[in-house]
Amino acid sequence: MSDLIDAPQGDTPTDDDGVSDGHVRLPAVIPPPAPPAPRLPPVLMEATVPPAHHGRLPRRGAGRALAKGVGAMLAVALVASGAIAAYAVSSIVTPVAAKPSVKFESEQVLESVPDIGAMEGGLNFLLVGSDKRPASGAFGDPDIESGVLNDVTMLLHISQDHSHAEVVSFPRDLLVDVPECPDPEDPEGFGYSARYGVKINTILNDGGMGCIAKTLEQMLGITIPVGGVVEFDGVAALSEAVGGVEVCVVDPIDDAYTGLVLDPGSHVIKGYEALAFLRTRHAVGDGSDLARISSQQTFLASLARTLQSAGTLGDPVKLYGIARAVVTNMTLSSGLQDLWRLVSVARALQSTDLDRIAFIQYPTVYTDDLSAVVPAASASVVASALQQDIAVQFDPTATDGTPFGTVDPNATDDPAEEPVGEPSATPEAGDPAAPSGTATPAPSPEPTTEALPGDVSGQTAADVRCAAANTG
């Protein structure tokens, strides 16, 4: 997480890349003779075509004729809607097959699994934001300014029972040991030898997405079977697909590097404005990559609240629209080339409590020369929670005094303004108001959680935090 307060090595053309922009066209109506019925996918065919039954035909009558006419109309409507659905699904599925994919070595855990939502043991999903400039030149010359770096590296962990989830962000300047990896451009070739103490954001260029997954597997002691890479245009398109995300800032932001201009207060952002918010580094916190990660977490937390409050995660139509934006704008590992499996990942979180979705900054400390960061001792606690599939709990003071953190808009320094808690509905034992002989009910057991050390910062999806401008 750190592009590090402008480390001594200086800015490069790729320093400011944070994350790295469908209408379904219905077939034309053809006059009689009618075109042949569209071939539906097997699942839709089974759902829309009634089974044949053999038996004696009923006697005709006026009522029966009317009922038959209504039934015929209904059948036509069902078949027509099935055809439209098939065409709509086809418009989503077709780009999946056309997009390149990446094979993860741990993908075998998906074998014989109908979909990820039915998979025991939860899921670990790698999300990479590439700084590769689009061919349009909208963000500079792609041949000169692109380093193809994974300046955003996140791991989504969905628990086995879907009761909690963790999103861990890794600083781009984190020094890691990289295992031996095949060359994605030449899988049968010699590949890449093991490397030690390299910046994590160089692995996408020198090993590909599969090598990033192997590195994190080795570092965290977990299995990562699926993942995806998103570039500049893809981020803009995805934020459009969800209808925008509400974010807040406590100070005016005017960032010449990304073009982000925001007044203090709340804003619903999407498209390239959302991309600029996720990319901005110089304009927030202490100007480091750690500050950028904090801002990204406020965005993702708001996105989670938006998806749940809008009912999107339980609405197949909305989900397929988002899925279409995903498959047409991301390079997915081959384990996610199945649209239904992709949708099931999202639906796995539809009932997860927002305060059980944690966004964690992987804990690090600076190297002596301030040019990079290395894992802090508390990183082992984060890894252990992921390995054991245990929910985490933040230290409420973890973000106090950090120059890169975000701000609680409801916080106050005046004790007189602190909110007063509601009175307890149940009198406690020994309370004079408690009726004689009234026993205090035993508290409900809390789900098992891992208390994170005070140097592990982050927030839950239920927390509303605001980005603070960089005034340094």
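Colleague: Why does Ala 376 count as buried?

Modeller: In this predicted model, Ala 376 has 10% relative accessibility, and buried means under 20% relative accessible area, with exposed over 50% and partly exposed in between (1.4 Å probe, protein chains only); Ala 376 therefore counts as buried. Because this is a predicted model, local features need pLDDT of at least 70 and side-chain atom pairs count only at pLDDT 80 or more, while totals for chains, interfaces and linings use all residues. Residues are numbered from 1 along each chain as its sequence is written, and side-chain values use heavy atoms, with hydrogens and water left out.

Colleague: What is Ala 376 in contact with, leaving aside its neighbours within four places in sequence?

Modeller: Contact means heavy atoms within 4.5 Å. Ala 376 meets that criterion with Pro 363, Thr 364, Val 365 and Asp 455, its neighbours within four places in sequence being left aside. From Ala 376 to Val 456 the C-alpha distance is 9.3 Å, although 80 residues separate them in sequence.

Colleague: Where is the place of Ala 376?

Modeller: Ala 376 sits in the loop between strand 15 (373-375) and helix 9 (379-388). Helices (H or I, at least four residues) and strands (E, at least two) are DSSP runs, numbered from the N terminus.

Colleague: What makes a set of residues a nonpolar core?

Modeller: The set must consist of buried Ala, Val, Leu, Ile, Met, Phe, Trp, Tyr and Cys residues joined through side-chain atoms within 4.5 Å. The largest such core has 53 residues, and Ile 158 is one of those touching the most other members. Helix 6 (residues 289-309) supplies the largest share of this core, six residues. Apart from it lies another core, of 36 residues, including Val 456.
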